[in-house]
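Here's a quick tour for anyone setting up calculations on this one. Have a look at the model first.

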Amino acid sequence: MQYVSTRNNHPPVNASRAIALGMVPEGGLFVPETVPDLGFLPTGSESYGSVAERILPPLLTDFPAPEVASCIARAYNAASFDTDEIVNVVPLDEGRSVMELWHGPTAAFKDVALQIMPHLLGTAKKIIGDRSHTVILVATSGDTGKAALEGFRNCDGIAIIVFYPHGGVSEVQKLQMTTTDGTNTRVIGVKGNFDECQTEVKRLLGSSSLRERYREKGFEFSSANSINWGRLCPQIAYYFSSYGKLVGRGTIAAGDKVNFCIPTGNFGNILAGYYAMRMGLPIDKLICASNANKVLADFFAAGLYDSNRPFSRTVSPSMDILISSNLERFLYEVTGHDAGAAAGWSRSLAGTGAFRVDEPTREAMGRFIVPGWVDEQEVLATIGATFRQTGYVLDTHTAVAAALGRRVALPDGRHTIIASTASPFKFGTAVLKGMTGEVVDDEFRAIDRISTLSGMPVHRALLQLRQRQERHTRVIEKNMMQDTLVELMQDIAG
Ligand SMILES: *Cc1c(COP(=O)(O)O)cnc(C)c1O
């Protein structure tokens, strides 16, 4: 199976090439030319790895099957995840379950993809005979950075450079990144917001002069953001795995349709859900949950995507995004691979910060996307009410989805699975405020207090974080990202 560009500006490539490139060098994203319908539904008795072994090979057709199995085995094991299940599914209340995606090494859902992605990238390079060194450039709203650093730390032939918005991530997120060791890691704070970091990283990745300059020295750039198919495709597996668990428990019957409610930022997670649906998972609605940066909610409601609006810093910072990269893939899919339309909208977004889709496209999306957004007060109130009623502690991102999952009136009474994207300990002060109204300004005191109140052990990613030494303290002006990259490359490439 081949991968094509959403802007029809690149010849079709194999999966290995798509993953090695990260994104289409000329701009645009790789998507599968056809989406395989698997005819497979798990029944709950399978391990997470064996579900992934059904999902990934049909998407990575030029990877030898034993190699894919080896990538899966190296990623999804007890050394990296604190549960053998890899992804736990817990009942929340009548009609709703929580899919806990945060049992990996950094306490956020990004681990599920970023634990396997370095292995997929290494395999891809082997397949295409690419002996270059890879420099991974990451822009992060907080969680991708650490998850990518953990995934790629000390990987042979790979260096990783992370740019994060200075002041735009939580204290814990910042410490997780700045205390990273490993000889191949660099972490840089940027005086700007996430969108500015991401836009500049995409521009650097697309710059042919930069590419050529370092190609001569044996270096290629790639991306660990969800613009890379190698990051996105592993996420499809947890939709299937969670469904199987509910079948196994008798919560739903095999073949029943379910809804997934996903706290959304860059539109990667929910897009993986969409591909799961296309691959045969019985999904009725994908509920797209936004925080106060509700550009997606407005878009799905009215067809106008308009990023020209104030940027809010919320208690769910990983969703503080106004430009959702993966939407381009989704629009390309729902228009039946209309590259002209996708390219036009992307041009408009880059030029004016906005675009409007036609009515048939809006209607096509509305058949399975249910949009909505939740303000700051409701996020905290939902954490409090859920804790009091069920004893379950939601993180601030999951709470956005939980609030919306309850509020949207879906007439059919179908089971709704809420994607839980971070451990509550990762956003301790806000979570504690939601739970009890207590205001503490120290993240670590909040973490201890949440553990006492809930009886939950502190996530192992956050133990001892306070004692670790900060190794990456550099902060730069936002117009200095390219110069800084060039300087770091002198160190990396000699
Ligand atoms: C990244 C992230 C999100 C948003 O996921 P997307 O795939 O970018 O839509 C939501 N919650 C948390 C905790 C995250 O880290």
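## Ground rules

This is a predicted model, so local features need pLDDT of at least 70 and side-chain atom pairs count only at pLDDT 80 or more, while totals for chains, interfaces and linings use all residues. Residues are numbered from 1 along each chain as its sequence is written, and side-chain values use heavy atoms, with hydrogens and water left out.

## Ligand site

Around the ligand sit 15 residues, counted when one of their heavy atoms lies within 4 Å of it. Lys110, Asp143, Gly265, Asn266 and Thr421 are the closest.

Now for the polar contacts (pairs of N or O atoms within 3.5 Å; within protein, one must be able to donate a hydrogen and the other to accept it, and residues adjacent in sequence count only if both atoms are side-chain atoms). Aspartate 143 puts a polar side-chain atom 2.5 Å from a ligand oxygen, and threonine 421 has one 2.8 Å from a ligand nitrogen. The protein buries 98% of the 390 Å² that the ligand exposes when taken alone.

## Serine 209

Serine 209 is exposed, at 53% relative accessible area; the cut-offs are over 50% for exposed, under 20% for buried and partly exposed in between, with a 1.4 Å probe and protein chains only. Its side chain makes a 3.3 Å polar contact with that of serine 207.

## Largest pocketAbout 750 Å³ lies in the largest pocket, an open set of 1 Å grid points over the protein atoms alone where a 1.4 Å probe fits, with protein on both sides within 12 Å along at least five of seven lines.

Definitions and conventions
1 Å grid on protein atoms, 1.4 Å probe; cavity = no way out; pocket = protein on both sides within 12 Å on 5 of 7 lines; lining within 4 Å. Points joined across faces, edges and corners; volume = space filled by probe spheres on them. Areas by Shrake-Rupley, 256 points an atom, 1.4 Å probe, with all protein chains shown as cover.
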